[in-house]
Amino acid sequence: MSKWHLTVDVAKCSGCGNCQLTVKDEHIGNDFPGYAAPQPPLGHNWLKVERYVRGNGSMLDVTHVPKMCNHCDDAPCVAAARNGAAYKRSDGITIIDPVKAKGQRQIAEACPYGVVSWNEDAQIPQIWIFDAHLLDQGWSSPRVAQVCPTGAIEAIKCDDGVFAGRVAAENLTTLPAGVQTKPRVYYRNLSRVTDSFLGGNICAADGSGQIENCVGAKVELSIDGTSVGACVTDGFGDFKFDGLPPRATYRLQVDTVDGRAESFQGVLEGSRNLGSLFIKRTTAKSEMR
Amino acid sequence: MMKRTLHTLALTALLRALPGIIKIAARRDKRVRDHLVSSDCVVQIRLRDGSCARHYIFRRGSITARSGTHKSPDVDMVFKTAAVALSMMRPDPDYAVVIDALKNFKVTAGGHDKQTVWFGELMNKVAAAGWKAGTPMKDGSMRYTALTNGGPIFVYVAGGKILRTTPIDLDSTDAPSWTIRARGRTFTPRRQAVPSPHALSLKSLVYSEKRILTPLKRVDFDPHGARNPQNRGISRYEPIGWDEALDIVCGEIRRMKRQHGPGAIAVFNPAHHQWGNVNYWLSALLRFGNLIGTTRMAFSPISWEGWYWGAMHHFGNSIRLGSPGFYGTVEDCLENAEMIVFWSSDPESTSGVYAGAEATQRRQWAQSLGIEFVHIDPHYNKTAQLFGGKWIPIKPGTDPALALAIMHQWIIDGTYDKDYVERRTDGFSEWRDYLLGVTDGVAKTPEWQEAETGVPAKDVRSLARAWSKRRTYLGAGGAGAGFGGACRSATGAQWARCMVQMLAMQGWGKPGVNFGNLQFGTPMDLNFYFPGYADGGISGDVINTASVMHNYNRMPHLATINPVKQQIQRQHFPEAIINGKCTGYPWDGMSLESQFPSYEYPLPGHSPVHMLYRYGASSLGTVANSARMIEAYRHPSLEFVVNQSIWNENEVGFADVVLPSCTALERWDICEWSNSSGYIVHNQNQLNHRMVLMQNPCIEPLGESRSDYRIFADILTRLGLGAMYTEGGCDELTWCKRIFDSSDLPKVVSWKDFLRKGYHVIPPDPDPMKVPVEMRWFSEGRKKDTPEPSPLPSQYIDDFGSGLPTQSSKFEFVPNSLKRHEARDPRRPALNRYIPSWEGPNSGTEFADFPLQLVTSHPPYTFHTYNDGKRSTTNDLEDHRMLVGGYYYWVLRMNPADAAARKLTHRDVVKVFNGRAAVLCAVDVSPLVVQGTVKAYESCAEYDPIQTPEGVVDRGGCLNLLTPSRSISSTADGIAPNSCLVDVRRWEFQGATERVAM
């Protein structure tokens with residue numbers, strides 16, 4: 001049975017807001033009986049783009065994550081609904097019936113992702129409906145995929161088994177929510193949000209005392225006593241290790257191209273740019289907090 | 001004799017058939033029916049020798065025809081000969097013939113202007129009867145097309161209401177896309193007109209509760225009694241009818257001329273508004289102003305400041321206002337560049353200009369090819385956020401110091417292009433001596449600039465080495481070749497000059513060495529003609545638009561001339577009114593020297609301004625030190641202010657009479673995406689696909705709003721100028737057809753097909769016809785071969801096409817043009833010395849009082865003020881406005897260290913203030929802004945002054961109330977909003993909401 005899935009590559013999301021504006025364009029002032037009642041003119045974001053910033057100083061990275069109804073197969077909202085007010089279609093899309101769901105605030109409160117909006121005026125819970133009403137008219141994909149300028153959002157209709165293959169092959173993950181709800185929205189590169197990085201800059205004084213960046217220095221990282229890999233500083237003397245746990249002890253062993261060596265260690269609590277690590281003339285240990 | 005008799009017979013037959021023709025058209029088309037019932041009049045058509053005469057009595061939609069003359073016809077059309085009559089009275093006349101007949105008085109129209117226009121419009125609607133537009137959809141809705149500031153869209157309409165707007169996906173019948181081959185890979189763009197956020201909030205703007213639905217009059221304004229100018233911005237409004245509104249406006253126009261004389265009426269418009277070649281300000285508004293005689297609001301090259309007042313002197317491109325060109329650079333960059341330095345360049349926010357998000361995919365290609373990105377900006381901006389790369393944070397306004405140090409390093413390392421400098425440039429030894437400290441004893445080393453910029457010396461050396469070692473593209477400014485950012489500050493000219501000097505030192509024009517950030521320079525047919533908005537539309541203004549270049553002869557129409565030569569520059573308008581005079585330096589791109597002479601207001605012998613016709617309402621968010629505008633509005637010398645706008649926002653509330661205009665989705669128009677023409681020749685070269693579009697009236701104008709064209713026609717008709725303005729009753733659809741016919745489109749698509757589909761994609765040229773690369777010819781010592789209609793022939797020193805339009809014909813490190821001028825302006829030396837900003841960290845006590853540098857740049861989610869505020873969906877984008885305590889505040893971005901020092905946390909409401917004003921914002925605390933700088937966007941549409949215990953404060957977010965009105969230097973008349981010192985404090989009075997009564 002062919003069902004709908006959505007993938008979002010957060011490494012490609014520019015935070016332009018096109019998707020967020022498009023959901024509003026589709027639903028503000030429009031009533032789609034059986035699918036969704038109109039969205040209120042302001043203050044409701046059935047799809048919202050959230051920003052995550054890692055780092056400090058001049059080494060940063062930013063990840064934008066569009067969040068919307070995940071159309072979960074094991075949906076807590078469906079479980080919480082009375083009288084079949086929320087249900088799953090055979091193509092995987094979740095619908096909250098705009099008439100039957102009246103007064104059922106618990107449907108909104110049941111969502112572990114916080115993506116069900118409560119419409120106070122109409123007294124109904126509302127979600128991004130995957131543009132089911134348009135797909136039923138023959139549109140080939142939901143509007144959010146159409147308006148994304150970077151191709152971060154992709155909608156796929158296929159067998160769940162086929163999609164599971166993609167999840168494995170592309171290392172897709174879902175939003176962490178503390179419960180397993182079998183969502184249909186998968187993310188690529190979410191590690192940019194869930195993992196930490198450790199980075200810095202290697203510099204040293206040259207013969208005349210002028211400070212220069214150490215280009216091409218080898219930097220080896222150990223996390224909690226175990227080596228996790230090495231990299232080489234770039235043209236600005238910078239290095240960056242990613243995919244690290246949020247809390248750990250680290251040790252960096254630096255070897256410059258002109259034969260200087262130094263190590264730095266400390267405790268990692270979230271992503272960190274250590275800034276400029278100055279390599280002295282002689283080999284010495286340095287403690288970095 | 002025979003021919004004359006045949007013509008007369010044919011004419012007689014036509015005149016007999018006319019009522020029938022009209023009735024058939026009326027049956028076919030509601031537009032004709034509606035028009036027919038809208039007026040009763042008698043229209044007479046005759047030949048001058050009296051040999052043929054017929055008149056028509058239009059009454060309640062019926063037509064009665066009589067032969068012979070009527071004793072008092074409302075319209076009396078007199079043709080010299082039957083041949084002339086027949087050539088004009090056709091459904092699709094040759095307008096060259098029509099205009100000739102009008103200009104040479106081969107036809108005259110007596111009687112009443114209003115009915116003449118009515119009859120002409122009727123005949124145009126008859127000719128258009130049955131024209132079909134729009135595509136019916138399966139669900140019963142109709143799909144139309146429109147062009148927005150963020151790109152083209154489809155508009156779906158059902159039941160007279162806009163259902164939705166979507167991007168346009170190209171279909172299989174549209175022209176094929178190009179492919180670039182670079183580094184062994186092929187790149188073909190997505191087949192969609194890719195929109196930016198400016199395109200997608202449009203429905204919410206059209207239906208905004210801030211739409212002005214009726215004409216309005218200030219309750220305490222009486223044109224025959226007390227006018228109370230001191231209450232502008234405070235008084236309430238009452239709705240009035242169009243007749244009363246237009247009576248007041250026309251009465252004031254007449255009174256201004258009679259009581260004060262020429263120059264008393266000023267017309268003031270925004271830089272950019274809705275698209276449409278008919279309704280654009282350079283078209284309908286200019287034609288209107290010329291037929292009245294007005295003091296023009298002259299623009300300054302805003303967004304080009306440092307390029308126009310500085311950079312152009314080194315290399316030319318005055319017609320591009322000093323910004324570099326871009327031909328062929330997308331392919332050259334993908335094929336040859338190894339690094340792109342984005343210097344004050346954030347195209348993911350600014351979309352080039354008008355280009356939607358088309359270039360984002362091209363930057364993704366560059367990233368996939370391993371081309372490295374470096375970002376120099378106080379803000380880790382949206383482009384840096386998306387693509388990553390090395391961020392070099394810098395103190396605003398100090399960029400020239402960094403550039404000087406990089407150039408110094410190239411000299412020390414010997415890593416500049418010595419051969420290029422030797423052969424293609426002039427004055428390098430003087431420049432080198434300045435960099436090395438020979439001239440002033442200060443070597444411009446990386447260590448020298450460190451205290452000034454905050455950039456570590458070691459990083460300057462690393463950047464200089466990477467830059468010279470690799471083939472590097474310089475994306476300077478948002479467009480990659482100009483615009484915004486660092487060029488609009490006290491050091492803006494110094495910075496832009498450094499940018500071109502740096503490229504000249506690295507071999508500008510050689511493979512992989514050019515200006516750009518992939519925003520401009522796609523493969524495209526640039527020879528196909530369609531007019532851009534600066535080509536003047538229907539204005540007929542051959543002096544103040546580029547009309548004379550193409551449009552004026554390709555679309556025969558009546559010229560209009562404004563005999564009033566008095567002008568006031570936009571940023572000097574407040575002092576012109578308050579002080580009664582001002583001077584400035586006008587925008588003139590004809591030569592390097594055109595910017596040197598000053599102008600004065602009032603012009604000798606002219607009346608000062610006493611009436612302001614304000615078209616649009618954007619000043620308070622976009623003019624530097626905009627509080628001066630408020631003072632000007634209340635000045636007693638300004639006797640009458642009329643504002644023509646779509647929404648009730650910003651400065652609309654300062655008018656005496658308000659005229660409601662409609663959005664681009666409520667009227668006919670035609671235009672090409674991103675085609676500005678004029679000073680931005682080939683602006684559409686940012687796009688992946690060239691597209692011309694019809695703009696359909698998707699819905700009826702809301703309330704009593706009317707199109708701009710209609711409003712101007714209605715005013716002028718009351719002054720007896722309606723037939724002249726409308727050229728005998730052309731409505732907007734007829735003008736669209738005339739514009740279509742003037743272009744190359746009829747060669748490739750029929751009007752009916754174009755109208756029905758709503759757009760046409762112009763195919764790219766095949767590969768062998770590639771556009772040559774910008775400055776490649778210059779680097780190779782050949783003649784210019786890019787398709788750019790500049791410089792002017794006389795500006796070449798040697799043969800036509802050889803060299804640059806500088807005195808030496810080379811790139812000049814120390815420009816001769818500035819040498820001829822520098823004695824008059826010590827802050828504008830020919831030698832591009834670093835002179836620190838006059839409002840910045842070197843400003844002594846001012847800096848001690850206001851220790852934060854505010855930078856405001858073009859916003860990502862709204863095109864200028866268009867999409868902001870008005871309770872549009874844009875409000876709900878948290879990066880644009882934050883909802884705190886029930887109010888949508890403008891966002892100010894601040895570094896955590898600066899926030900901690902002020903005990904501020906993320907989302908606090910803060911007061912941003914200096915000696916000029918105070919504005920409330922919501923603070924976004926993050927490391928994305930360097931310490932010492934606060935970053936926001938400009939172009940706030942909402943001016944919301946509230947009375948508070950700390951005085952009047954703007955809650956809407958118009959940060960331009962804080963920026964200085966001082967120009968870059970005394971003769972470099974560019975604005976410098978990015979040299980602005982402020983401080984920020986938590987706002988304690990969130991309960992205060994009372995709108996101001998000063």
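I count two strands as paired if DSSP finds at least two bridges between them. Helices (H or I, at least four residues) and strands (E, at least two) are DSSP runs, numbered from the N terminus.

**Ground rules.** I am looking at a predicted model, where local features need pLDDT of at least 70, side-chain atom pairs count only at pLDDT 80 or more, and totals for chains, interfaces and linings use all residues. Residues are numbered from 1 along each chain as its sequence is written, chains are lettered from A and ligands numbered from 1 in the order in which they are written, and side-chain values use heavy atoms, without hydrogens and water.

**Entry 1, a sheet.** I started with strand β4 (residues 75-79) of chain B, which is joined to β5(B) by five bridges, the two running antiparallel. One of the partners I looked up: B:V75 bridges to B:G111 in β5(B). Both strands belong to an open, mixed sheet of five in chain B, ordered β3-β2-β1-β4-β5. Its edges are β3 (62-67) and β5 (107-111) of chain B, each pairing on one side only. On average, neighbouring strands here are turned by 15° against each other, direction ignored.

For angles, I use axes that are lines fitted to C-alpha atoms (for helices over the stretch in contact), with values from 0 to 180 degrees between N-to-C directions. Contact means heavy atoms within 4.5 Å. Helix α1 (residues 2-28) of chain B lies across β1 (41-47), β2 (53-59) and β3 of that chain, at about 10° to β2(B). Helix α5 (residues 113-127) of chain B lies across β1, β2, β4 and β5 of chain B, at about 80° to β1(B).

I find 31 helices and 42 strands in chain B. Its C-alpha trace spans about 95 × 70 × 65 Å along the principal axes.

How many residues of chain B are in contact with chain A? I get 52, against 56 residues of chain A. The area buried between the two chains (accessible area, 1.4 Å probe, lost on being put together and summed over both) is about 4,200 Å², with 51% from carbon and sulfur atoms. In chain B, B:R164, B:K458 and B:D876 lose the most area to chain A, together 15% of what that side buries.
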